[in-house]
Amino acid sequence: MPQNGREENGYDPEDDRNVNHDNGKLEELGELSVERLFENQEVPSWRKQLTVRAFVVSFVVSILFSFIVMKLNLTTGIIPSLNVSAGLLGFFFVKTWTKLLRKSGLLKQPFTRQENTVIQTCVVASSGIAFSGGFGTYLFGMSERIAKLSTNTHDFKNPSLVWIIGFLFVASFLGLFSVVPLRKIMVIDFRLTFPSGTATAYLINSFHTPQGAKLAKKQVRELGKFCSFSFLWGFFQWFYTAGDDCGFASFPSLGLKAYKYKFYFDFSATYVGVGMICPYIINISVLVGGILSWGVMWPLIEKRKGDWYSADLPETSLHGLEGYKVFIAIAMILGDGLYNFVKVLSLTFIGLSHQFRQKVVSSDLPTAGHSSDHVSSQVSYDDKRRTQLFLRDQIPAWFSIGGYVALAAISTATLPHIFHQLKWYYILVMYIFAPILAFCNAYGYGLTDWSLVSTYGKLAIFIIGAWAGASHGGVVAGLAACGVMMNIVSTASDLMMDFKTGYLTLASPRSMFVSQLIGTAMGCIISPCVFWLFYKAFDDIGVPGSQYPAPNAVVYRNMASLGVEGFSSLPRNCLLLCYVFFGAAILINFIRDLAGKKWRQFIPLPMAMAIPFYIGSYFAIDMCVGSLILFVWEKINKAKADAFGPAVASGLICGDGIWTLPASILALAGVKPPICMKFLSRGTNITVDNFLTPQG
């Protein structure tokens, strides 16, 4: 399912407001040459960039972000970019630390932009495991709880903290070694832009200028203010959630009929914040998908009960209405994924052919808008300085190749003991092709800012699942293979983006690599522990209609079932509708690419449209409220909205995310909310009143 801006959720660099205004922060500095502003500052060695305080701060922020990502994973699966938050919080914590040490006379090393980049890299690597670890997708999809909601109910593996941590340690590090030898080619020779990495670098550079530091302090203040508000709002709402469908999250704001079909505002600070961060087209696409599915299609199909499917089936049966919801959503996701896979792969090969045929540095890349003949002297100075320092600290090729082979051997021997359905030769084949796929994804990511991690994972589901077959645990084998592939491809593209960020902030490739290693190791421990806290605290995780329905887990498991069992289990006419929506997803994407920039902003994104098909439109309304707030703010004061919008949105997300920790602890301790605030229909109210009214 769609993830953050890094994933194939319809993200378009041309639509991304955050990248644009982050770049704009140093636009005026770019005219003066960024590196000339810092030329009097000594660049610390790669070892001095890796400070204890940087990793202590990274650990604290990683825990916070892991809770946020986990909550988003288990609710809708939409995860916005948290780079701005990571940069701001890292800058704030270390600045506060160094200020206290300076006053006490104990400060030995000033806070540099290189150390800031190390924190950013470590936090993103750590919290990234909360996504690529599959806690809301393939990993939880293996469980018996999700198996009961799918067509294949017997092939499962229940979560356990020990094997999850072991699996992540075995599978998460290979991607880091697979693309290290290509860092010079991608960053310097091909000059790939990596828009998100470049925006992050500009943000970090701006923090360390006098003007940028003042702005950062104001942004942190706004973030803290709205974080506190969001936390207290979550605490207040908790008091009214003593039973099912209770509290503000179940408020029928658009009426009880609309509430029945998942149209209501659920007062979620998290998704209002997500709506403020995501491009407008994402939010509108999600709402359009919700209206199409829950407003039109499902009510019409529901009228066919007894004809298209048995009227006696329970609501959760995939042979009934639930099957249409899940499999039509899967069809749209696969159609969108296939189109973008072919598109990005084509751009990748076209870009590579230009590079090797013409042997130019970057002028022929589709995203490189500048000719080398028109590079200013200031930019030439920046490039010369950055290239010199980027090439100074080399990572030997034998180290990366040897590390990949050694880790692949350990993983091939270990994974079959964790998943007996996953044979060693399946793993070996994946590891032979994984570096090629990791390179293609990293190149496409640098070219378009579009990562196809989930698509590669789904590819592994179908190939390995079909290879294993139903009689040999093909469902679990496919899901486990998805995890292996996603971890390799995700960490590889993230590392290459971090190399780009490090190149622009003069952070050493060695410090970036070590920071990514440490961040990944943190994530392999923090994310499973956070998931385990959720899993033990909330008994209804994965149950449709619950607080944490984990919709992507159901989707991924049913993809695996399709790959193993085929289409025989689908309800009547479901396959035909799947074909229609699969083709529609491809057609809509094609029309978007043909349309000019002016018109494409009005064409919805199929991947985003597919999200509410299964879980409903309530979060889409929250996100559109967030978009409306930002839109009005931009009309009133665009400069202020650009400067503080991401900080306000991040505060709303962070505060609600922090609240999940005490909420989980209270649930584990058996402390329940005192009140159930529930909204009933008029007929139900009359029945209750008659029951409570004394007789006679």
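Q: Are Phe-167 and Phe-419 buried or exposed?
A: Phe-167 is buried, as is Phe-419. Buried means under 20% relative accessible area, exposed over 50%, partly exposed in between (1.4 Å probe, protein chains only). This is a predicted model: local features need pLDDT of at least 70, side-chain atom pairs count only at pLDDT 80 or more, and totals for chains, interfaces and linings use all residues. Side-chain values use heavy atoms, without hydrogens and water, and residues are numbered from 1 along each chain as its sequence is written.

Q: Why is the pair of Phe-167 and Phe-419 called edge-to-face?
A: Rings of Phe, Tyr and Trp (its six-membered ring) pair if their centres lie within 6.5 Å; planes under 30 degrees apart count as stacked, over 60 as edge-to-face and the rest as tilted. Here the centres are 5.4 Å apart and the planes stand at 85°, so the pair is edge-to-face.

Q: What makes Phe-390 and Phe-499 an edge-to-face pair?
A: Their rings lie 6.4 Å centre to centre, with 85° between the planes. Phe-390 has 3% relative accessibility, so Phe-390 counts as buried. Phe-499 has 0%, so Phe-499 is buried.

Q: Why does Gly-136 count as buried?
A: Its relative accessibility is 1%, so Gly-136 falls in the buried class.

Q: Which residues does Gly-136 touch, not counting residues up to four places away in sequence?
A: Gly-136 touches Asn-73, Leu-74, Asn-552 and Ala-553, not counting residues up to four places away in sequence. Contact means heavy atoms within 4.5 Å.

Q: Why is Asn-589 called buried?
A: Asn-589 has a relative accessible area of 5%, so the buried label applies.
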